[in-house]
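Welcome to this short briefing on a protein structure. Take a moment to look at the sequence and the 3D view, and then we can walk through them together.

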Amino acid sequence: MAEAQFTAETSTRGEWVRQANRFTERITADGSSRWPVEPGRYRLVVSLACPWAHRSVIVRRLLGLEDVLSLGIVDPIRDERGWRFTLDPGEKDPATGIAFLSEAYLAADPEFAGRYTVPAVLDVAERKVVTNDYPQLTLDLSTEWAAHHRDGAPQLYPEHLRAEIDEVNAVVYADVNNGVYRCGFATSQQAYEQAFERLFARLDWLSERLADRRYLVGDAITEADVRLFTTLVRFDAAYHGHFKCNRQKLTEMPVLWAYARDLFQTPGFGDTVDFDHIKRHYYATHHQINPTGIVPAGPDQSGWGTPHGREALGGKPFGTGTPPA
Ligand SMILES: N[C@@H](CCC(=O)N[C@@H](CS)C(=O)NCC(=O)O)C(=O)O
């Protein structure tokens, strides 16, 4: 399946073009969509390997939504039927009873012929996908789910910073979050080199931006930091080798490395990272890139806990709020 999809999402010039999100319904506070916010009704299904899913895991934890929105974690290794609940007892998701994420996609749309992707939010009782629209999902956790946030939850998408957050997110998405995939999944030298140039030019821009400010927008963590973090934390473990994003390692870009360590050491970030799932997923499931499926033993991850010195730049990670427990 991976091979076929790979071809389907490659342009004639060898560029990787990501499929659109198919299920874009929203879960809303006022119930104006078909799907009202309701504690216990929905389940967030993720792979801990996936950067798009990882965003939602971080935001859910930062906002303290664990008790109202449950979490299902799939096996980092997909088989030809896609994501599986093989980590759970009986190899079924305990909340919905499904064995494959595809069951929930096909329940929502029997004709669905795209990739079955994470993150996906399921209606537990109906066992079907409500949304796989990952960019909207985390924003909605900040806004639509506000009535259920924990005391002291940070403002990840504050109104007065939204325009700037959106602007940063757009370039980080195009050049960095998706840029690493465009490097890794390119099938022509030229497409790879173009993606590579754009990626590292943007990382240089980010290094400059973050040299004298602790966070990307404002002086506390926001959605923009969450989105950049999930790519940076995978950089040396997966993208540098597997996707050939190798002008430098993250550990060789001093500002970004300190910034990433600062976030890693912030509750809600590092404690949601699973390097084992990350490495096994990338190296063992993209057969077109790594046919042997051998998962590298490195890199040494011990540097993540070392002092970063960025407190000196000021800013407070949670603003007027507090860290999650
Ligand atoms: N929904 C987006 C982004 C989410 C995404 O790509 N998730 C990956 C994991 S990082 C996935 O679930 N892939 C499943 C597949 O390719 O079959 C997409 O379709 O490209």
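Two residues are in contact if their C-beta atoms, placed from the backbone, lie within 7 Å. With that in mind, consider the contacts in the protein chain between residues at least 6 apart in sequence: 68% of them join residues at least 24 apart. Please remember that this is a predicted model.

**The chain as a whole**

- The secondary structure of the protein chain comes to 10 helices and six strands.
- Its C-alpha trace spans about 50 × 50 × 35 Å along the principal axes.
- A compact globule of 325 residues would have a radius of gyration near 20 Å, and the protein chain agrees with this because its own value is 19 Å.
- Of the 325 residues in the protein chain, 42% count as buried.

- The protein chain is divided into domain 1, covering residues 22-148, and domain 2, covering residues 159-313.
- The centres of domain 1 and domain 2, taken over C-alpha atoms, are separated by 24 Å.
- To the contact, domain 1 brings 17 residues and domain 2 brings 18 residues.
- On the side of domain 1 that touches domain 2, the elements giving two or more residues are α2 (51-62) and α4 (134-143).
- Of these, α2 gives the most, with eight residues.
- That side of domain 1 divides by class into 10 nonpolar, four polar and three charged residues.

**A look at α4**

- Which residues of α4 are buried? They are Tyr134, Leu137, Thr138, Asp140, Leu141 and Ser142.
- The cover over these buried residues of α4 includes β1 (27-28), α2, β5 (120-123), β6 (128-131) and α8 (223-239).

**Around the ligand**

- How many residues surround the ligand? There are 14, and the closest are Cys50, Trp52, Arg115, Thr117 and Val118.
- By class, the shell around the ligand has five nonpolar, seven polar and two charged residues.

**A region named in a record**

- An unreviewed UniProt entry lists residues 158-285 as "domain: GST C-terminal".
- Over residues 158-285, the chain is 66% helix and 0% strand.
- The end C-alpha atoms of that stretch are 38 Å apart.

Note on methods
Residues are numbered from 1 along each chain as its sequence is written. This is a predicted model: local features need pLDDT of at least 70, side-chain atom pairs count only at pLDDT 80 or more; totals for chains, interfaces and linings use all residues. Domain bounds come from an automatic or database domain assignment. Helices (H or I, at least four residues) and strands (E, at least two) are DSSP runs, numbered from the N terminus. Ala, Val, Leu, Ile, Met, Phe, Trp, Tyr, Cys and Pro count as nonpolar, Asp, Glu, Lys and Arg as charged, and the others, Gly among them, as polar. A residue is near a molecule or strand if its C-beta atom, placed from the backbone, lies within 6 Å of it. The radius of gyration is taken over C-alpha atoms; the globule rule is 2.2 Å times the number of residues to the power 0.38. A residue is buried if 20 or more other C-beta atoms lie within 10 Å of its own, exposed if 12 or fewer, and partly exposed in between; C-beta atoms are placed from the backbone. UniProt positions are given in the numbering used here, feature names are shortened, and annotations may be inferred rather than shown by experiment.
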